[in-house]
Structures are given as C-alpha cells and as structure tokens.
Amino acid sequence: MSGGVEWALHCCVVLTSVDEPVPATRLAELHDVSASYLAKQLQALSRAGLVRSVQGKAGGYVLTREPDSITVLDVVEAVDGPGHAFVCTEIRQRGPLATPAESCTVPCAITRAMNGADAAWRASLRAVSIADLVQSVGSDYGPGAMAGIGTWLTTPDA
C-alpha cells in the first residue's frame, strides 16, 4: 500500500471539520507533506468521486458524501486501485517439475490463502468509515481536536 493512502485518509478526516473548500496547499501544510504529491492523491480521490475540487479564490477540496458513507476501502482503492495485493503467476507450471497447465484447474493453496487474506483485509477496511476515524481522533486527542483542525484550516495565514 502506498504512502499516498495515509495522506488521502488524513485529508478525508480533516475535511469533515470544515464547511468550506480547503486548498490542497493548506492540507499539505497541515500535514507537513509535499504539496505536489498530496495534489496527486487528492486528484485520485476526485476521480473516484470522494472529494470535489471547487475552483476560484475560495476554492479547494470538499468531501462529496457524508463521512459515514465513505469507507477506508473506498480511499485505498481510489489511491492504489482496486487490484488485489497478490497476483498469481502460476509458478507451479514452471521449472523442471512443472505441473502441466491442464492439471491446474483450481487455484493453488498459496493463491487460495492469499485471496482469503485479501478478502478479509478488504472486508475489514470496508467496515471502517471516515466518520469512524473522525470519532477515533476525538477519542485519541480530545473532543476539541477536530474543531481545532477546522479552525486552523479556515484561518488565513498570519
């Protein structure tokens, strides 16, 4: 999983703290990350329909849906794509003791194990929403944390 997933998740969480668009540069400053790299993650979120870019002087990014309807898996797939983490290359059909292709009618034990792990991982991420993460931020850092973030995001630099 790419580092962009972490950045995108943090952006989705903090965007819940404001009612107005937040520029990508402000989000990058908040997280002390590269603005150009973060912009790529925001574009991926936008292509997936999770955030919307608002143009103009007061432009920036906003969530397109309620935080409880955006899952962690939605964000992961927006940034890293929907593909499986494991791709079977049928290695059992290679080498001096290769299994003939006609004998490989079912996925091998390794593929079955990896596909099962992938399915469990996706189910786990699908069960956690951005709203759940926001609630955890409040529990981890105190009830005023998200309000403080919202104030910082919407206060022009001094």
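Figure 1. The lining of the largest pocket is made up of 8 nonpolar, 2 polar and 1 charged residues (Ala, Val, Leu, Ile, Met, Phe, Trp, Tyr, Cys and Pro count as nonpolar, Asp, Glu, Lys and Arg as charged, and the others, Gly among them, as polar). This is a predicted model, in which local features need pLDDT of at least 70 and side-chain atom pairs count only at pLDDT 80 or more, while totals for chains, interfaces and linings use all residues. Residues are numbered from 1 along each chain as its sequence is written, and side-chain values use heavy atoms, with hydrogens and water left out. The volume of the largest pocket is about 290 Å³ (the space filled by probe spheres set on grid points that are joined across faces, edges and corners). A pocket is an open set of points on a 1 Å grid over the protein atoms alone, where a 1.4 Å probe fits and protein lies on both sides within 12 Å along at least five of seven lines; lining residues have an atom within 4 Å of a point. Which residues line the largest pocket? They are E6, L9, H10, V13, V14, H31, L133, V137, Y141, A145 and I149. Helix 1 (3-15), helix 6 (130-141) and helix 7 (145-154) are the elements that give two or more residues to this lining (helices, H or I with at least four residues, and strands, E with at least two, are DSSP runs numbered from the N terminus). Helix 1 gives the most, with 5 residues.

**Figure 2. The second largest pocket.** Take a look at this one next: its volume is about 190 Å³. Of the 13 residues that line the second largest pocket, E20, P21, P23, L153 and T154 are the closest to its centre. Sorted by class, its lining has 6 nonpolar, 3 polar and 4 charged residues.

**Figure 3. Helix 4 packs on helix 5.** At what angle do helix 4 and helix 5 pack? Helix 4 (residues 72-80) and helix 5 (residues 109-126) pack at about 120 degrees, and their axes are 6 Å apart (axes are lines fitted to C-alpha atoms, over the stretch in contact, and angles run from 0 to 180 degrees between N-to-C directions). From helix 4, V72, L73, V76 and E77 meet W121, R122, L125 and R126 of helix 5 (contact means heavy atoms within 4.5 Å). This contact has 5 nonpolar, no polar and 3 charged residues. T71 sits in the loop between strand 2 and helix 4. T71 counts as buried because its relative accessible area is 13% (buried means under 20%, exposed over 50%, partly exposed in between, with a 1.4 Å probe and protein chains only). Apart from its neighbours within four places in sequence, T71 is in contact with L125, R126, V128 and S129. M114 lies in helix 5, and M114 is partly exposed because its relative accessible area is 37%.

Figure 4. Strand 1 (residues 51-54) and strand 2 (residues 60-63) run antiparallel and are joined by 4 bridges (strands pair if DSSP finds at least two bridges between them). V54 stands opposite G60 in strand 2. The two strands form a hairpin with 5 residues between them, and G56 in the turn has a positive phi of about 105 degrees.

Figure 5. In helix 2 (residues 24-31), A24, R26, L27 and A28 are buried. What do the buried residues of helix 2 pack against? Their partners are helix 1, helix 3 (35-47), strand 2 and helix 7. After helix 2 comes D32, in the loop between helix 2 and helix 3. D32 has a positive phi, near 55 degrees, in a residue other than glycine. Most residues other than glycine have a negative phi. Is D32 buried or exposed? D32 counts as exposed because its relative accessibility is 70%.

**Figure 6. Two residues of one loop.** E90 is found in the loop between helix 4 and helix 5, and C104 lies in the loop between helix 4 and helix 5. E90 is not a glycine, but has a positive phi of about 55 degrees. E90 is partly exposed because its relative accessible area is 25%. C104 counts as buried because its relative accessibility is 14%. Leaving aside neighbours within four places in sequence, C104 is in contact with E90, R92, Q93 and T99. C104 and R92 are 12 residues apart in sequence, and 8.6 Å apart from C-alpha to C-alpha.
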